[in-house]
Amino acid sequence: MVSIVELFVRVAGEDPVVQGLLGGVVIAMLNLFGASLVLVWRNPSERALDGALGFAAGVMLAAAFTSLIIPGIEQYSGGNPIPTLVGVALGAVFLDRADGLVPHAHYLLTGSERADEANPRTSLPLDNDRVAPVVLFVLAITLHNMPEGLAVGVGFGSGNVENAIPLMLAIGIQNVPEGLAVSVAAINAGLDRRFYAVFAGVRSGLVEIPLAVLGALAVSVVEPVLPYAMGFAAGAMLFVISDEIIPETHIRGYERIATLGLMAGVIVMLYLDVSLG
């Protein structure tokens, strides 16, 4: 029986950049699948969305350690944690500063501000009350999809397909509820036609493809950068989990469901990592 790893290598070949491209396409297609669910699941409850996003957070949380931080330290830094941990810090700082340029996704979803928000504001910078939240929310989610695409590219660029495929699957799995959440938010913000809502969800995931290629190309050409890049992708992912996803799932009264979803996501990712890696 052909394993997933062998099948992937047969399709993509041995070139890490081509593998990164295919990995980016896979996670973008799963984002498309999630965004399209709104066409058949027309009114997902807040309880279901919080549970699904909690699951996504759990998958990303485990993947950041098993597929990025630990390999970055043990395999690509000779056991020296400094390069990878410097990357983690840089990834978190980058996402924190980026929140100063793009409105916080929590504000775009709820219309309310957080006291510690990087760039709090009392009004949206676009005049159209219906379009502005959608445009800005898509920009915010696009920004926060960047580390996911980069992580997949860095994973394949490392040359370790056995580690990269669980990471690709993990990010792809979490893209399903994330894509659905973007579509639902677009509808709630005023895009009544579901076609446009799905387009908004798909648009937020398309950035992952070029970034996957860029990540694979960068680390395959400049190998010493690899542990820093793996740490950067992991730090950015961890920032998104803690600053965006978990708080967003704990504001509507379904904290227990979101927590159980997170635990399920961690379990699934650990199983994928052990069984495939």
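Three salt bridges turn up when the whole structure is searched; a salt bridge here is a side-chain nitrogen of Lys or Arg within 4 Å of a carboxyl oxygen of Asp or Glu. The model is predicted, so local features need pLDDT of at least 70 and side-chain atom pairs count only at pLDDT 80 or more, while totals for chains, interfaces and linings use all residues. Residues are numbered from 1 along each chain as its sequence is written, and side-chain values use heavy atoms, with hydrogens and water left out.

**Stop 1: R252 and its partners**

Select R252 and D50. The two form a salt bridge whose closest N and O atoms are 2.6 Å apart. R252 sits in the loop between α10 (226-248) and α11 (255-276), and D50 is in helix α3 (residues 46-74), so this pair ties together parts that are 202 residues apart in sequence. Helices are DSSP runs of H or I with at least four residues, numbered from the N terminus.

Are these two residues buried or exposed? D50 is buried, at 0% relative accessible area, whereas R252 is partly exposed because its relative accessibility is 28%. Buried means under 20% relative accessible area, exposed means over 50%, and partly exposed is in between (1.4 Å probe, protein chains only).

E248 is buried, with a relative accessible area of 7%. Through shared partners, the salt bridges join D50, E248 and R252 into one network.

**Stop 2: D96 and R97**

Now select D96 and R97. Their side chains meet in a salt bridge of 2.7 Å, N to O. D96 is partly exposed at a relative accessible area of 28%, and R97 is exposed at 53%.

**Stop 3: the aromatic pairs**

How many aromatic pairs does the structure hold? There are two. Rings of Phe, Tyr and Trp (its six-membered ring) pair if their centres lie within 6.5 Å; planes under 30 degrees apart count as stacked, over 60 as edge-to-face and the rest as tilted.

Select F8 and F156. This aromatic pair is stacked, at 4.9 Å centre to centre with 10° between the planes. F8 belongs to helix α1 (residues 4-12) and F156 to helix α6 (residues 131-157), so the pair ties together parts that are 148 residues apart in sequence. F8 is buried, with a relative accessible area of 8%, and F156 is buried at 0%.

Move to F94 and F232. They form a tilted aromatic pair, 5.7 Å centre to centre and with 50° between the planes. F94 is in helix α4 (residues 82-98) and F232 in helix α10, so this pair links distant parts of the chain, 138 residues apart. F94 counts as partly exposed at 36% relative accessibility, as does F232 at 22%.

**Stop 4: I165**

Finish at I165, in helix α7 (residues 161-188). With 0% relative accessibility, I165 counts as buried.

Which residues does I165 touch, not counting those up to four places away in sequence? Select I4, V5, F8, F156 and L276 to show them. Contact means heavy atoms within 4.5 Å. Both members of the stacked pair, F8 and F156, are among these contacts. V5 is 160 residues from I165 in sequence, yet the two are 7.0 Å apart in space, C-alpha to C-alpha.

Conventions: Helices (H or I, at least four residues) and strands (E, at least two) are DSSP runs, numbered from the N terminus.
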